[in-house]
Amino acid sequence: MTSPVTAQRPLPGQPQPDLNVKIMCKECKNPVPNIVEEFASGDLVCGDCGLVLGDRIIDTRSEWRTFANDDGDDPSRVGAAANPLLSGSQLDTVISKTDGGSGTGRDLSKIQGRSSAVKGERNLVQAYKEISAMCDAIGLPKLIGDIAKQLYKRVEDEKLLRGKPNESIIAACIFIACRQENVPRTFKEICALTQVPKKEIGRCFKALARVLETNVNTMGSEDLMSRFCSNLSLPMEVQRAAVDLTKKAKEVGTLAGKSPVSIAAACIYLISNLYQIPKTTRDIAPVTGVSEVTIKNAYRYLYNAKEQLIDLSTSKTTISFDSLPHP
């Protein structure tokens, strides 16, 4: 029975063997060779004498190289990544526009683009551009725009809103995306953004929420408070007090039946005057999108129940109800 051969490890103090593979030019025989790797031809070349030392070298550089879209020379070998928001294989044939300056390539590229363009895909791309532009106009994050695009694609693929204007569908998709990601926007803000009537957005929103079965969170007054107070340049303590007042008013039922926007506007009006950083109804109305009359009507209910809603003993600052304007 033969014993297996095992590799002998060098003892401490003995020289270690050099296992690195070295390439040396046969002509120069330089111990520090100047080897150049030519990726275009796949060769290893001596930089001193030009002798080819090896061939068929694998190119380990990135394959995703795109420097131009339509004009100029594009050295990309594999093309751009597929867009999941578009249908089809997206493996279209493209005629290059560079033909030596005669202009024939540019004309052929236009004709080929018109003949091969898919109408549905062209409509999707245009709708995606509008969604991105609208989201950027009101400072919404890119995540909201991506969700709105996914909702719009599903509506188009399943034909969920036949006969509805394209602008109404886009507005409803943006509104639902804002609700899903807890970045609520009011109907009036979406109306001002998309120039679509409020009733039309409401119809599309209800139809999509019922058919898509998406998780659409209910918008509350406290969700709007942070943005409204920030736009009014109110400090954080006023914002916290306004949120607490909103929650207390809901528990007591003081403003039952009022819209969340009206409740938020009335609470901001009361708390800002209570903390002696007064904001008039004229200041609050354009920020919240609520009329001055609506703010005053909701404020009247809060003022009549102020002792029940606000506990002045827990406040760290000296505040009193005397600073509140009489409704």
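1. A salt bridge is a side-chain nitrogen of Lys or Arg within 4 Å of a carboxyl oxygen of Asp or Glu. This model is predicted, and by that rule the count comes to eight salt bridges.

2. Start with R154 and E158. Their closest N and O atoms are 3.2 Å apart, and they form a salt bridge. Both sit in helix α3 (residues 142-158); because they are four residues apart there, about one helical turn separates them. R154 is partly exposed, at 36% relative accessible area. E158 is partly exposed too, at 43%.

3. Next, K164 and E200 form a salt bridge at 3.9 Å, N to O. This pair links distant parts of the chain, 36 residues apart: K164 lies in the loop between α3 and α4, and E200 in helix α6. K164 is partly exposed at 31%, whereas E200 is buried at 16%. Shared partners join K164, E200 and R203 into one network.

4. K306 and E307 also pair, at 3.6 Å from N to O. E307 is exposed, with 53%.

5. Now the helix packing. Helices α10 (residues 281-288) and α11 (residues 292-304) pack at about 110°, their axes 9 Å apart. Angles of 65 to 115 degrees count as roughly perpendicular, so α10 is roughly perpendicular to α11. Their crossing is right-handed. On the α10 side, T281, R282, I284, A285 and T288 make the contact; on the α11 side, E292, I295 and K296 do. By class, that is three nonpolar, two polar and three charged residues.

6. Last, helix α7 (residues 221-231). Its buried residues include L224, M225 and F228. The buried residues of α7 pack against α5, α8, α9 and α10. After α7 comes S233, with a positive phi near 60°.

Terms used
Residues numbered from 1 in each chain as written. Predicted model: local features only at pLDDT ≥ 70, side-chain atom pairs only at ≥ 80, totals over all residues. Heavy atoms only, no water. Axes fitted to C-alpha atoms, helices over the stretch in contact; angles between N-to-C directions. Helix = DSSP H or I, 4+ residues; strand = E, 2+ residues; numbered from the N terminus. Parallel < 35°, antiparallel > 145°, perpendicular 65-115°, else oblique. Left-handed = near helix turned anticlockwise from the far one by under 90°. Contact = heavy atoms within 4.5 Å. Nonpolar A, V, L, I, M, F, W, Y, C, P; charged D, E, K, R; others polar. Buried < 20%, exposed > 50% of the residue type's maximum accessible area, 1.4 Å probe, protein only.
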